[in-house]
Amino acid sequence: MTETGITLRAAPPASLWRSVLRFFYRHPNATLIALLALPLLWMVVIYFSSILQMVLVSFYTTDSLSGRIIPKFTLATYQQLLQPANLDIILRSVAMAAAVTIAAAIVGFPISYYIARYARGRTKVLFFLGVMMPLWSSYLVRVYAWKLILSNEGILNWVLAQLGLTGVLDAVLSIPSIGGASLSTSYIGMFVVFLYIWLPYMILPTQAALERVPKSYLEASADMGARPGMTFRKVILPLAFPGVVAGSIFTFSLTLGDYIIPGIIGNSAFFIGSAVYTFYGTAGTFPLAAAFTVVPMAIMGVYLLIARKLGAFDAL
Amino acid sequence: MRSDQPRASWPLKLAAFAVIAFLNFPVLVIFLYAFTTEEAAFTFPPPGLTTTWFGVLFQREDFWRALATSLQVAAIATLVAMALGTLLALALSRTKFFGKEMISLLVLLPIALPGIVTGIALRSSINQYGIPFSMWTIIIGHATFCVVTVYNNAVARLRRSSPSMNEASMDLGATALQTFRYIILPTMATALLAGGLLAFALSFDEIIVTNFTAGPQQQTLPIWIYNQLPRPRDRPVTNVAAIFTILITLPALLVAYRLTRGGDEQA
């Protein structure tokens, strides 16, 4: 960076400009405010106020005739939210998000570890593209591709039939509550698609965290007599953990609020996202839709606080 | 124990390649069915292969309009996000102040909360203030969740660079702006570009927030695809469109990869 060739002009261009700069130099707090003003204004006025508005609406009533929102405080919407049918939706979404997150952590770790520690040069670029390409090729088209893969006349069934394994699939599909008529209409199929769609979001931060583990630590651990397995458990895993937590923020949140995948794959049971979408679009149920958005807000709020404690924010 | 070039055990290698296969198999399916001769049904294996769908897509004006809208939205949203993200990174990277943690949490929120929450919240605000839905409302929504990718990249780079360079520059008589122009900006440039490219790709493929912030006249590429997909006859054309988007985002990602790797190699 030393060869940039900095030429400082001796003559100050305009004294007013110069005194403005001097002012900021002498008042670091003013500099801070000047830097923060625009982005904070954007995030608070546009984003945060809108989010807050949703929380407020969840406590408002609607006019029974016109369906308009009346700013009168009520807890009736939350009573409605806690009815068994709605509670089922919440529990179903949380269970799916948890299952997808745990699976993503398990499936994502070995590949992240391989990329971070062993892949070099061309292999590394190949793996980078292999993870990124599906991530950025149209989300919708990939979900539909899975419908083609999982449906009864789809590729998976064809492959299983060729291998003579149709019986295995039927056995899996006959498992009560998570099975179904075909993979594309069952929770198992939905789970696979969710896992597929959000897996890169787990791999990327995990791999980044693994790459930040200094080689010297591993050498030190080995020098002090730790076997590779022990180094892995005592050095690598704890250092990679914040990365896994950072990834889990995405896999959990994205599964929790998705309404497109449950609409295309699965047995059309409601998830939080589909509930928000439907109630928002129906006259008079806007407060309920708002209350349904407060659920992921609350869950993710707690989740983020825990994630921060675990050091995940530095691993994003 | 020598660990210059450690070799992976075969189960690890197998697991890694299995996951890559899992991740890319559906992309191959998309490619395959972009060439199928069948219009409506999708049997495997496809009865024949053809390239007619590329020609069909080429003549679909609505596709090109949607593509143009998407490129415009992504470009402007990325520029806004880069400006806001840079300012935030400069403010938050070195100084400690009350509320700093809150601000970094606030920036993260639009991607840590499900898209439908952001989408509906923005939509009802836009409604409330009587702002007409347009391309600009889409851009506002996209810029909001794109700030974090730029911010994260910039902050990571600033954290690794040493503050002594700035001090040296100031000691030599440079003004704050000169220091920014000649020291800070060159240090951040590649990180900003990488963050910007990720923001672009993020905006380009976003559907949920877009769905809620777009007016009836605006069709971005994902919205076009969303309207396309339920029509089985248009499925091969849609697959061609998907291939097209891959071809657009892939170079951007490769560039972003090169830019962020450069600084990490020796770490």
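How many salt bridges does the structure hold over all chains?

Guide: The model is a predicted one, and over all chains it holds six salt bridges. One pair crosses between chains, running from Glu101(B) in helix 4 (residues 100-112) of chain B to Arg308(A) in helix 14 (residues 286-309) of chain A. In this pair the closest N and O atoms of Glu101(B) and Arg308(A) are 3.1 Å apart.

On the side of chain A that touches chain B, helix 2 (residues 28-57) of chain A gives the most, with 16 residues. That side of chain A divides into 66 nonpolar residues, nine polar ones and 12 charged ones. The contact as a whole takes 87 residues from chain A and 101 residues from chain B. Together the two chains bury about 9000 Å² between them, and 79% of this area lies on carbon and sulfur atoms. Of the area that chain A buries against chain B, Trp42(A), Tyr47(A) and Trp136(A) supply 9%, which is more than any other three residues supply.

Within chain B, the charged pairs to follow are those around Arg60(B). The side chains of Arg60(B) and Asp62(B) meet in a salt bridge, with 3.1 Å from N to O. Arg60(B) is buried, because its relative accessible area of 17% falls under the 20% limit, whereas Asp62(B), at 25% relative accessibility, counts as partly exposed. Arg60(B) also forms a salt bridge with Asp234(B), where the closest N and O atoms are 3.8 Å apart. Arg60(B) lies in the loop between helix 2 (52-58) and helix 3 (61-93) of chain B, and Asp234(B) in the loop between helix 10 (221-228) and helix 11 (235-261) of chain B, so this pair ties together parts that are 174 residues apart in sequence. Both Arg60(B) and Asp234(B) are buried. With Arg231(B) included, the residues Arg60(B), Asp62(B), Arg231(B) and Asp234(B) are linked in a network of salt bridges.

Aromatic side chains complete the view. A search of the whole structure finds 31 aromatic pairs over all chains. In one of them, the rings of Tyr114(A) and Tyr118(A) have centres 6.2 Å apart and planes at 35°, so the pair is tilted. Both Tyr114(A) and Tyr118(A) are buried. These two tyrosines belong to one aromatic cluster, which Phe109(A), Tyr113(A), Tyr114(A), Tyr118(A), Phe127(A), Phe232(A) and Phe17(B) form.

Notes. Residues numbered from 1 in each chain as written. Chains lettered and ligands numbered in written order. Predicted model: local features only at pLDDT ≥ 70, side-chain atom pairs only at ≥ 80, totals over all residues. Heavy atoms only, no water. Contact = heavy atoms within 4.5 Å. Buried area = accessible area lost by both parts, 1.4 Å probe. Salt bridge = Lys/Arg side-chain N within 4 Å of Asp/Glu carboxyl O. Helix = DSSP H or I, 4+ residues; strand = E, 2+ residues; numbered from the N terminus. Nonpolar A, V, L, I, M, F, W, Y, C, P; charged D, E, K, R; others polar. Phe/Tyr/Trp six-rings, centres within 6.5 Å; stacked < 30°, edge-to-face > 60°. Buried < 20%, exposed > 50% of the residue type's maximum accessible area, 1.4 Å probe, protein only.
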